[in-house]
Amino acid sequence: MKIYLDGKFCEKEDAKVSVFDHGVLYGDGIFEGIRAYNGRIFRLEDHLRRLEDSARAILLKLPLSIKEIEKAVVETVRLNGLKDAYIRLVVTRGVGDLGLDPRKCDRGATLFIIADKIALYPEEFYEKGLTLVTSAVRQKGLDQVTPAVKSLNYLANILARAEATAAGAQEAVLLNAAGNVSECSGDNIFFVKDGKISTPPVSAGILVGVTRNVVIELAQQKLGVKIDERDFSRYELYTADEVFLTGTGAEVIAGVKIDDRVIGAGVAGPITKKLIKHFREYANSSGTPVYETA
Ligand code: PXG
């Protein structure tokens, strides 16, 4: 496996960052999780735009231009000979001293890219759906580091996911300070009631998922449904006809049980299934080519 690290490709065993890197010491950095389907990188521009926004929000100067990062991502997938891949792009504040002061990271940001085979939910989960629980971990408020920044501080999400696992569930739903639904530990959330689809707005405190935005577009184009971005509580999930999650890893997947309440018929519902199909068709037929010149 070849890893891109600070301008060079190296073997996995040699891909190491300093213990003085502020990404390690403080979680001071940002990342993207990206998929390649069929030799094409899915929505790479969207991921790089989000990376650029995350960098701007945390006062982090990217070590390369977006065009250069794009090239490095494509090259990493190509060198590893992958057609279907999970790509992790990480930028940290870089090497500093033991203090917080980001100015000490004066050698500049660390950038690495890993492209690996993807571990997916087994196909049966796309029929059967996932079990969800509400986490006791609250979503970060907009007055903290907004959840819109895909930062290296994933502790809240990890603890929420651990709670889900302990409860025998696959995903955890995080409520915000107002008690409204925000998102899951690694996925955005939607529900369907009487043919209408809703999802929390950016102001609820969410990562603005690339998959979320694609699903909003596909619902409009393929189903003629305009998804409502609005606040809602757990009650609306408990009483929904369908619940589904979106994320780079999961794509589109049903949530069929939450806090022991069965949602709808307890299996992936008709609208969810249509969106799974449209999403897969689209993901397999679009994206930045890795092996042909564009
Ligand atoms: N919310 C959070 C907190 C996330 O971490 C999403 C929503 C969905 O965003 P995208 O842009 O992926 O549609 C994420 C992304 C994993 C995994 O291994 C998690 C994500 C992405 C890739 C893999 O669980 N989370």
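What is the handedness of the crossing of H2 and H3?

1. The crossing of H2 and H3 is right-handed; a crossing counts as right-handed if the near helix is turned clockwise from the far one by less than a right angle, and as left-handed if anticlockwise. The model is a predicted one, in which local features need pLDDT of at least 70 and side-chain atom pairs count only at pLDDT 80 or more, while totals for chains, interfaces and linings use all residues. Residues are numbered from 1 along each chain as its sequence is written, and side-chain values use heavy atoms, with hydrogens and water left out.

2. Helix H2 spans residues 44-57 and helix H3 residues 66-79; they pack at an angle of about 130 degrees, and their axes are 11 Å apart. H2 is therefore oblique to H3, an angle under 35 degrees being roughly parallel, over 145 roughly antiparallel, 65 to 115 roughly perpendicular and the rest oblique. Axes are lines fitted to C-alpha atoms, for helices over the stretch in contact, and angles run from 0 to 180 degrees between N-to-C directions. Helices (H or I, at least four residues) and strands (E, at least two) are DSSP runs, numbered from the N terminus.

3. On the H2 side, Leu-44, Leu-48, Leu-51 and Glu-52 make the contact, and H3 contributes Ile-66, Ile-69, Glu-70, Val-73 and Val-74; contact means heavy atoms within 4.5 Å. Seven residues of this contact are nonpolar, two are charged and none is polar.

4. The buried residues of H2 are Leu-44, Asp-46, His-47, Leu-48, Arg-50, Leu-51, Ser-54 and Ala-55, where buried means under 20% relative accessible area, exposed over 50% and partly exposed in between (1.4 Å probe, protein chains only). Their packing partners include H3, strand S3 (29-37), strand S5 (85-92) and helix H6 (210-223).

5. The end C-alpha atoms of H2 are 20 Å apart, which agrees with the 20 Å that its 14 residues should span at 1.5 Å a residue.

6. Positive phi values deserve a separate entry. Arg-43, in the loop between S4 and H2, has phi near 50 degrees and is buried at a relative accessible area of 16%. Just after H2, Leu-59 takes a positive phi of about 60 degrees. Glu-251, in strand S14 (residues 251-258), has phi near 65 degrees and counts as buried at 7% relative accessibility.

7. Val-145 lies in the loop between strand S7 (130-134) and helix H5 (155-166). With a relative accessible area of 45%, Val-145 is partly exposed. Val-145 and Ala-57 are 88 residues apart in sequence, and their C-alpha atoms are 8.9 Å apart in space.

Technical notes:
Nonpolar A, V, L, I, M, F, W, Y, C, P; charged D, E, K, R; others polar. Expected span 1.5 Å × (residues − 1).
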